[in-house]
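This report goes through one chain, residue by residue where that helps.

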Amino acid sequence: MEQVNVKIEEFNLGQFYNLMFLFVIDWLLISVIRAFKVFILSNFDVGYEDNLKARKVHTQVKVLSSIGVFIVLFIFFIGGLIKL
């Protein structure tokens, strides 16, 4: 039986650690953004009548948190590409 040798390119463990570090920081920042969103939205109840201000705050916080998550992902995506 003939043994097959497969040549694997050199795997740089340092790059892997850098990417994992970026991933963890990214995950933590997104978690902080979401926790802040939940904290703000818990102060504004939309379950009562004449809730225009609460709905306005809900909309603003949801949009701003989505923009914040996008910015964090974009920055860390670019950072990950630069690290490679």
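The model is predicted. Lys 37 belongs to helix H1, which covers residues 13-42. With a relative accessible area of 27%, Lys 37 counts as partly exposed, because that value falls between the 20% limit for buried and the 50% limit for exposed.

Residues up to four places away in sequence aside, Lys 37 touches Val 61 and Ser 65. A further distance can be given for Lys 37 and Leu 64: the two are 27 residues apart along the chain, and their C-alpha atoms are separated by 9.0 Å.

## Overall make-up

The chain has 2 helices and 0 strands. Of its 84 residues, 19% count as buried. The accessible surface of the chain comes to about 7,500 Å², and carbon and sulfur atoms hold 68% of that surface.

Among the contacts in the chain with a separation of 6 or more, 60% are between residues 24 or more positions apart.

## The largest nonpolar core

Which residues form the largest nonpolar core? It has 5 residues, namely Leu 22, Ile 30, Val 69, Val 72 and Phe 76. Helix H1 and helix H2 (52-83) each supply at least two residues of this core. H2 gives the most, with 3 residues.

Val 69, a member of this core, is in contact with Ile 30 and Ile 33 when its neighbours within four places in sequence are left aside. Ile 30 is likewise listed in the core.

## The aromatic pair

A search of the whole structure finds 1 aromatic pair. The ring centres of Phe 70 and Phe 74 are 6.1 Å apart and the ring planes are at 20 degrees, so the pair is stacked. The reasoning rests on two cut-offs: centres must lie within 6.5 Å for rings to pair, and planes under 30 degrees apart count as stacked.

Phe 70 and Phe 74 are 4 residues apart in helix H2, so about one helical turn separates them.

The C-alpha atoms of Phe 70 and Ile 30 are separated by 9.3 Å, and the two residues are 40 residues apart along the chain.

## Asn 51 in the loop

Where is Asn 51 found? Asn 51 is in the loop between H1 and H2. Its relative accessible area is 13%, so Asn 51 is buried, given that buried means under 20%.

The side chain of Asn 51 makes a polar contact with the side chain of Arg 55, at 2.9 Å. Apart from its neighbours within four places in sequence, Asn 51 is in contact with Asp 45 and Val 46.

Technical notes. Residues are numbered from 1 along each chain as its sequence is written. This is a predicted model: local features need pLDDT of at least 70, side-chain atom pairs count only at pLDDT 80 or more; totals for chains, interfaces and linings use all residues. Side-chain values use heavy atoms; hydrogens and water are left out. Buried means under 20% relative accessible area, exposed over 50%, partly exposed in between (1.4 Å probe, protein chains only). Contact means heavy atoms within 4.5 Å. A nonpolar core is a set of buried Ala, Val, Leu, Ile, Met, Phe, Trp, Tyr and Cys residues joined through side-chain atoms within 4.5 Å. Rings of Phe, Tyr and Trp (its six-membered ring) pair if their centres lie within 6.5 Å; planes under 30 degrees apart count as stacked, over 60 as edge-to-face and the rest as tilted. A polar contact is a pair of N or O atoms within 3.5 Å; within protein, one must be able to donate a hydrogen and the other to accept it, and residues adjacent in sequence count only if both atoms are side-chain atoms. Accessible areas come from the Shrake-Rupley method with a 1.4 Å probe; for residues, only the protein chains shown count as cover.
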